[in-house]
Amino acid sequence: MAAVFPIKPVWDQPGSSRIPFWAYTDEALYKRELERLFYHGHWCYVGLEAEIPNPGDYKRSVIGERSVILTRAADGSINVVENVCAHRGMQFCRERHGNKTEFVCPYHQWTYTLTGDLQGVPFRRGVKQDGKVNGGMPKEFNTADHGLTKLKVASRGGVVFASFDHDIESLEDFLGPDMTAYFDRLFNGRKLTILGYNRQRIPGNWKLMQENIKDPYHPGLLHTWFVTYGLWRADNKSELKMDAQYRHAAMISTRSQQAATSEVTAGVTSFKSGMEINDKRLLDIVPEPWWNGPTAVMMTVFPSVIFQQQVNSVSTRHIQPDGHGSFDFVWTHFGFEDDTPEMTERRLIQANLFGPAGFVSADDGEVIELSQMGFEQKPNHRTLAELGGYGVENTDHMVTETLIRGMYNYWRKVMEI
Amino acid sequence: MNKLDFDTWLALNQLYAEYAAAVDSNDWDKWIALFVEDCDYRVQPRENHERGLPLSTLALLSGGMLRDRAYGIKETLFHDPYYQRHVTGAPLVEKVEDGVIVAQANYAVFRTKLSQETTVFNVGRYLDRIRITPDGLRFAQRHCIYDSEMIPNSLIYPI
């Protein structure tokens, strides 16, 4: 019998369809994920331009476990700097958002511009007393060498990404042409309006959230609302698409107006044929011109964010890992500048389906927590993601776990596992 | 009138106690019965409330939506089983106008999962508008504005 806790984890399965439990439980591996996925080679989500509309506006955000600040400088430029003082390392920005002309670390009042340049160091040239100068920084101390860590920034359609890695490819190359096209469908240049936030802490490995939105198998089974009202059902017209490296994906689906066929509901205990909504506003779906057909496009941009369009509800979902077994999941719901008051109200009411209390999303957090509990119990075991076979390919249906296999195909390469 | 007579004060306290008892005992019919039909029930992060952002974690804007939520809890939402326990502070009555009591109260909700210790689940204050009806006091509005920065995974039952 194999040890329950392998001393040296080895991926002993072919391909990427059987994922070892230790991929979710090993702390050293998690640190390597932070290093290789969040801090190198990947664009990570930090926020929306609409959150910092005016010069001086800032928003505290996070990449992996590193606190960063998204700012709009006096010249209108968008910047992302690390929230760690160059002097004594203090995480100086504690407010979540605000407007400032400069950042001041309270400890010794080192001051920085909103682009991260060090401006002032108290007592830099010493303090005069009895005709002599006491102390001060060494002569060769140069403020230009001691700014905040500045990140590379890419903004597209009002969405801001950043990277600690200044050698990273362009955002468009990172996304690839297919994913860029779906990104542009949602963020097509219209100004966004922020409707508000939801924050939840999910006690599971962060990858499980990516996998949840790369898994079209579960929505028509776990989520009664989806299956019963045809929002997400195995017989919906749908496509699954990935970038060339299989790290990002889009699940594209068009709501079925027809009654469910028996194959997709027979024996599915979550299907409630007699279920009627009392207040129809919960599903008052009005197609919008920019949809160009699909009623839902769920997009995973690896590793940090999910872009949601589910009928009239649109949001970004930011994955903020905290250790191997927990992550914070921050939802930013938005609308568009040309929304009528009725459309805004519709988006807000449909938000009842999503978020930590949502009719269809609350269960996702629950199954992630319980999966993590299973993994911790016996790290030597593995999951099985073999619906639709063993390979990785785009499909024109959703009866497959190809996107999860794609993600682990990529993960194994980058992680050298 | 800007002051409650003693009987109305007692009724208001009784309403708060009945509300806590209903949501702690999973008596969703009782919970719904404590609202008027054209009600406005929200669970909203303090952040959104104070910044004037309209999004709520839950926004149930009619008796029908309350019933839809109750059905969801009973029939459609999968979740790890848990008990909840409310502790509600004394009502702070702000004003009484046109048959409506405007009041608020602090609350704390504890969660107990099976085989686990009890934890603080959600803390905040209720912002209420309570209508004086022939059938007694009923909530026209209950906004649960919560301080808790993170929802511990998911929120299934009403606060």
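**Interface and overall build of the A/B model**

Put together, chain B and chain A bury about 3500 Å², with 53% of that on carbon and sulfur atoms (buried area being the accessible area, 1.4 Å probe, that two parts lose on being put together, summed over both). On the chain B side, B:Leu55, B:Met150 and B:Asn153 lose the most area to chain A, together 21% of what that side buries. The model is predicted, so to speak of local features takes pLDDT of at least 70 and side-chain atom pairs count only at pLDDT 80 or more, while totals for chains, interfaces and linings use all residues. Residues are numbered from 1 along each chain as its sequence is written, chains are lettered from A and ligands numbered from 1 in the order written, and side-chain values use heavy atoms, leaving out hydrogens and water.

The contact (heavy atoms within 4.5 Å) draws 37 residues from chain B and 41 residues from chain A. Four salt bridges turn up across this interface, a salt bridge being a side-chain nitrogen of Lys or Arg within 4 Å of a carboxyl oxygen of Asp or Glu. B:Glu47 and A:Arg199 also pair up through their side chains in a salt bridge, at 2.9 Å from N to O.

As for chain A itself, 57% of its 417 residues are buried (under 20% relative accessible area, 1.4 Å probe, protein chains only). Its C-alpha atoms fill a box of roughly 95 × 65 × 35 Å along the principal axes. Of the chain A contacts with a separation of 6 or more, 65% link residues 24 or more positions apart.

Definitions and conventions:
Buried < 20%, exposed > 50% of the residue type's maximum accessible area, 1.4 Å probe, protein only.
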